[in-house]
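Subject: Handover of a protein model

Dear colleague,

Please find below the structure that I am handing over to you. A summary of the findings follows it.

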Amino acid sequence: MVGNRARAAIIRSQRITGLTPDVIAELVAEIGPLWHERRQAVLTSRPRRRAVGAGAKHKLVFIDRLLATLVHLRHGATHDVLACWFGVDRSTITRAIGEVRPLLAERGCTVAPDVRLRTLAEVVDHLGASGQTGIIDGTEIRVRRPAAGRKDREKFISGKNKQNAVKSMVVTDAAGRLLFCSPAEPASCADITHARKLGLVRLLADGPAMEILADAGYQGLGAQTGGRVVTPPHRKFKKNPPEWYEEMYERQRKAHSSRRIRVEHGISHLKNWRALARHHGRREHMSDIIQAVAGLLSHQQAATMASGTRT
């Protein structure tokens with residue numbers, strides 16, 4: 001395991017973990033008890049010949065398990081490298097990340113110190129209650145190609161990028177702050193189909209009046225949600241449009257794009273975490289990875305805004 005001096009250096013450097021020391025301290029206080037509780041529940045459930053707590057002790061304390069998970073998500077460091085860095089076996093790092101990452105994914109996105117959004121329904125309620133504009137878009141993360149002969153192998157091929165990928169729907173507010181990242185879906189699923197599967201149409205149609213900006217991939221949702229989803233203007237003239245119409249169309253399209261661009265900024269911040277730039281591990285873990293990174297990034301954004309407000 002790393003020494004106290006090395007551990008302190010990792011915590012102090014936001015370039016290593018992607019988070020400030022204050023946010024890491026909050027994560028330790030929040031997730032540490034949950035990890036210990038689940039660990040004790042596993043030990044208690046096993047048939048044992050010795051008392052709970054007896055036997056070999058952990059070589060990797062919880063704070064080191066959390067730091068290893070953060071470094072893995074932020075920089076895509078392999079388990080072998082982290083095992084060498086923390087002075088433990090590779091299987092210990094694999095087990096630690098497998099235990100901590102789901103806890104991070106379950107936290108949801110932090111909007112304020114006392115407001116956390118975990119489901120799309122909570123996001124819709126939050127936007128309706130606060131009167132804010134939401135922005136949605138889909139993002140793709142490249143993954144390994146499924147093995148030959150596997151059923152539904154072609155489902156992961158993206159029609160846009162012609163690569164094997166998974167897709168997630170991202171929701172931000174008008175300032176680009178992350179509010180929600182959906183579980184991963186094979187990339188062959190269209191953006192509008194993915195939104196319908198997540199229940200966005202039902203939530204908006206039955207929910208409060210609000211405005212959700214989207215790109216052309218979501219055209220058609222506006223009519224199904226009572227105009228709550230706003231997409232770029234539809235080009236009415238396919239050939240030889242009048243000059244006045246072309247000018248009006250470009251003006252409306254640019255006005256919509258300049259408002260919707262904030263979600264692209266939010267996605268770019270997500271992709272700064274190397275685990276989401278391209279994933280070489282198991283595709284089954286992508287939902288946890290996407291939601292864990294979104295929760296960490298939103299927590300850091302909320303902490304930054306809170307500190308800016310206090311100053």
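A residue is called buried when its relative accessible area is under 20%, exposed when it is over 50%, and partly exposed in between (1.4 Å probe, protein chains only). By that definition, 44% of the 311 residues in the protein are buried.

Please note that this is a predicted model, in which local features need pLDDT of at least 70 and side-chain atom pairs count only at pLDDT 80 or more, while totals for chains, interfaces and linings use all residues. Residues are numbered from 1 along each chain as its sequence is written, and side-chain values use heavy atoms, with hydrogens and water left out.

The whole protein

The protein has 13 helices and eight strands. Helices (H or I, at least four residues) and strands (E, at least two) are DSSP runs, numbered from the N terminus. The C-alpha trace spans about 80 × 60 × 35 Å along its principal axes. The protein exposes about 16,300 Å², of which carbon and sulfur atoms supply 52%; accessible areas come from the Shrake-Rupley method with a 1.4 Å probe, and for residues only the protein chains shown count as cover.

Contact means heavy atoms within 4.5 Å. Among the contacts with a separation of 6 or more, 65% are between residues 24 or more positions apart.

Helix α4

How many of the 14 residues of α4 are buried? The number is 13, so this helix is largely enclosed by the rest of the structure. The helix covers residues 62-75, and at 1.5 Å a residue it should span 20 Å; its end C-alpha atoms are 20 Å apart, which agrees. The expected span is 1.5 Å times one less than the number of residues in the helix. Just after α4, G76 takes a positive phi of about 70°.

T69 lies in this helix and is buried, with a relative accessible area of 0%. The T69 side chain reaches the backbone oxygen of R65 at 2.9 Å. Leaving aside neighbours within four places in sequence, T69 is in contact with A96, I97, V100, R101 and L104.

Helix α13

H299 belongs to helix α13 (residues 286-310). Is H299 buried or exposed? With a relative accessible area of 6%, H299 is buried. Apart from neighbours within four places in sequence, the residues in contact with H299 are V23, E26, L27, R107 and T110.

The loop between β3 and β4

K162 lies in the loop between β3 (134-142) and β4 (165-173). Although K162 is not a glycine, it has a positive phi of about 55°. Its relative accessibility is 60%, and K162 therefore counts as exposed.

R145 is also placed in the loop between β3 and β4, and at 55% relative accessibility R145 counts as exposed. Which residues does R145 touch, not counting those up to four places away in sequence? They are R153, N164 and R283. The C-alpha atoms of R145 and E106, which are 39 residues apart along the chain, are separated by 27 Å.

Helix α10

A223 is found in helix α10 (residues 221-224). This residue is exposed, with a relative accessible area of 76%. Along the chain A223 and A205 are 18 residues apart, and their C-alpha atoms are separated by 9.9 Å.

Yours sincerely

Definitions and conventions. Polar contact = N/O pair within 3.5 Å; in protein donor to acceptor, adjacent residues only side chain to side chain.
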